[in-house]
Amino acid sequence: MALKVGAEAHPAGMTGLVLTAGGARGAYQAGVLKRIGEIPALRLKPSPFPIIAGASAGAINGAAMAAFGSNLGAATDRLAKLWTTLRMSEVVRVDTRSLATTVARMGTDLALGGVLGAGRTQALLDAAPLRRFLARSLPLDGVATAIDRGHLHALAITATGYHSGRAFTFIQGRPGHALWQKSRRVALEARLTVDHVCASAAIPLVFPPVTLAASGARAWFGDGAMRLTAPLSPAIRLGADKLFAIGIRSAAVAGDLLRAELSPGEGTHLRRPPLSQICGVFLNAIFLDHLDADLDHLERMNELVSAYQAAARKSVTVAVSEPMRVIEPLCITPSEDLAVVAKTHAHRMPPSIRYVMDGLGAPDAQSADLMSYLLFDSAFTSELVQIGYRDAQLRIDEIEAFLRKPAVS
């Protein structure tokens with residue numbers, strides 16, 4: 001159960017799909033959705049998610065679900081195939097010459113930038129192949145078609161503005177859909193393109209920023225998860241009464257790592273983390289922690305909503321700045337440690353990139369998160385699709401009941 005804040009009118013009883021960030025870990029979400037697409041009562045029908053909100057890899061998956069969503073089974077099969085056939089060369093340039101050029105530019109900026117002028121390096125990797133791949137794979141004209149047919153209320157894709165540091169949520173939806181402007185979050189109406197998806201998926205430092213139009217001006221944007229500290233918020237504000245969220249972090253593994261830090265054992269010490277492990281924790285802070293924190297926040301706020309409703313039934317006036325209502329969420333997260341899975345596929349990383357990552361030091365197996373975000377390889381992504389499929393299978397009765405049960409609005 002959760003909280004809704006927002007005064008905009010919207011159709012009642014809508015279910016929102018929330019897809020979080022995570023680089024190559026986004027394949028897990030495709031596996032969960034593939035199993036949902038096989039539910040007999042839903043398989044041949046339009047997507048049960050009239051509201052879709054995604055950031056980073058979740059923006060890719062969300063755009064695919066919106067564009068292909070006239071037939072749920074076909075849409076989820078197609079999405080899973082995108083991930084299981086993915087090659088690293090379709091995401092970034094992996095040739096030694098390209099990487100050497102980037103390293104040379106970076107070295108020049110660091111050593112001689114004060115003399116020659118800096119700013120030659122945009123990112124560690126060239127993500128031009130990703131745009132070409134998405135342009136081939138995501139027919140985003142299908143989003144407008146889904147809206148016209150009444151299958152989709154709104155698709156929301158979030159990117160981070162590098163000038164203001166705000167989370168910009170670009171929304172394509174039915175006329176009159178909600179828009180908002182908060183201290184750290186802005187929602188803009190847009191006809192979504194591959195550039196919006198690329199901007200949302202531009203992992204900071206790793207992928208270069210992408211330029212987008214924002215209220216007439218053009219600005220530079222990066223990964224949507226950086227400033228989206230409340231990933232459930234866009235779907236809630238767009239009017240979802242129920243939320244189905246797919247995370248990419250195993251709660252059990254996170255607890256194990258915490259216990260290891262709190263009690264490493266008598267006379268033992270955890271080894272100093274290499275730079276690769278520090279980079280992994282940095283990406284975790286962007287990709288993994290926000291959904292857990294937002295769900296915790298919603299659970300606490302639900303108590304406030306219940307108390308407010310009880311007071312209202314007693315005709316007690318309670319002043320609030322925005323109307324609130326209870327929302328029912330269901331969240332699916334990995335049963336396995338995706339970092340450990342990535343470690344078993346480390347040999348699949350292109351030699352040029354693996355050489356650089358080896359130079360950053362070898363992290364503990366359970367802390368190999370950096371690898372798990374960047375390993376855009378079909379062997380790894382196929383295994384993640386399978387894990388997501390199995391996790392959804394274990395809860396399929398619960399998921400089906402959740403999706404078919406009318407929302408309480």
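## A glycine to start from

Let's begin with Gly239, which is found in the loop between helix H8 and strand S9 (240-246). Helices and strands here are DSSP runs, numbered from the N terminus, with at least four residues of type H or I for a helix and at least two of type E for a strand. Gly239 is buried, with a relative accessible area of 0%. Buried means under 20% relative accessible area, exposed means over 50%, and partly exposed lies in between (1.4 Å probe, protein chains only). The C-alpha atoms of Gly239 and Ala154 are separated by 9.6 Å, although these residues are 85 apart along the chain.

Please keep in mind that this is a predicted model, in which local features need pLDDT of at least 70 and side-chain atom pairs count only at pLDDT 80 or more, while totals for chains, interfaces and linings use all residues. Residues are numbered from 1 along each chain as its sequence is written, and side-chain values use heavy atoms, with hydrogens and water left out.

## The chain as a whole

How many helices and strands does the chain have? Its secondary structure comes to 16 helices and 10 strands. The chain has 409 residues, and 53% of them count as buried.

Contact means heavy atoms within 4.5 Å. Of the contacts in the chain with a separation of 6 or more, 79% are between residues 24 or more positions apart.

## Two annotated residues

The UniProt record (an unreviewed entry) places the feature "active site" at Ser56 and Asp223. UniProt positions are given in the numbering used here, feature names are shortened, and annotations may be inferred rather than shown by experiment. The two are spread over 168 residues of sequence, yet they cluster in space, with a largest C-alpha distance of 5.7 Å. Ser56 from this set is also part of the lining of the largest cavity.

Where do these residues sit? Ser56 lies in the loop between strand S3 (51-55) and helix H2 (57-68), and Asp223 lies in the loop between strand S8 (217-222) and helix H8 (233-237). Ser56 counts as buried because its relative accessibility is 1%. Asp223 is buried too, at 0%. Their side chains make a polar contact with each other (2.7 Å). A polar contact is a pair of N or O atoms within 3.5 Å; within protein, one must be able to donate a hydrogen and the other to accept it, and residues adjacent in sequence count only if both atoms are side-chain atoms.

In helix H5 (residues 128-137), Pro129, Leu130, Phe133, Leu134 and Ser137 are buried. Seen down the axis of H5, these buried residues fall within an arc of 130°, so they line one face of the helix. The arc is that of the directions from the helix axis to the C-beta atoms. The packing partners of the buried residues of H5 are H2, helix H3 (72-84) and H7.

A cavity is a set of points, on a 1 Å grid over the protein atoms alone, where a 1.4 Å probe fits but cannot get out; its lining residues have an atom within 4 Å of a point. Grid points are joined across faces, edges and corners, and a volume is the space filled by probe spheres set on the points. By this rule there are 4 cavities of 30 Å³ or more. The largest cavity holds about 190 Å³ of space. Its lining has 17 residues, of which Ile60, Trp83, Leu86, Leu130 and Phe376 lie nearest the centre. H2, H3 and H5 are the elements that give two or more residues to this lining. Which element gives the most to the lining of the largest cavity? H5 does, with 4 residues.

His196 has its place in helix H7 (residues 194-200) and is buried, with a relative accessible area of 8%. The side chain of His196 makes a polar contact with that of Thr193 (3.0 Å). Leaving aside neighbours within four places in sequence, His196 is in contact with Ile157, Phe170, Ala190, Arg191 and Leu212.

Gln29 is found in helix H1 (residues 26-36). Is Gln29 buried or exposed? Gln29 counts as buried because its relative accessibility is 0%. Not counting residues up to four places away in sequence, Gln29 touches several residues, including Leu19, Asn61 and Ile248.

Methods: 1 Å grid on protein atoms, 1.4 Å probe; cavity = no way out; pocket = protein on both sides within 12 Å on 5 of 7 lines; lining within 4 Å.
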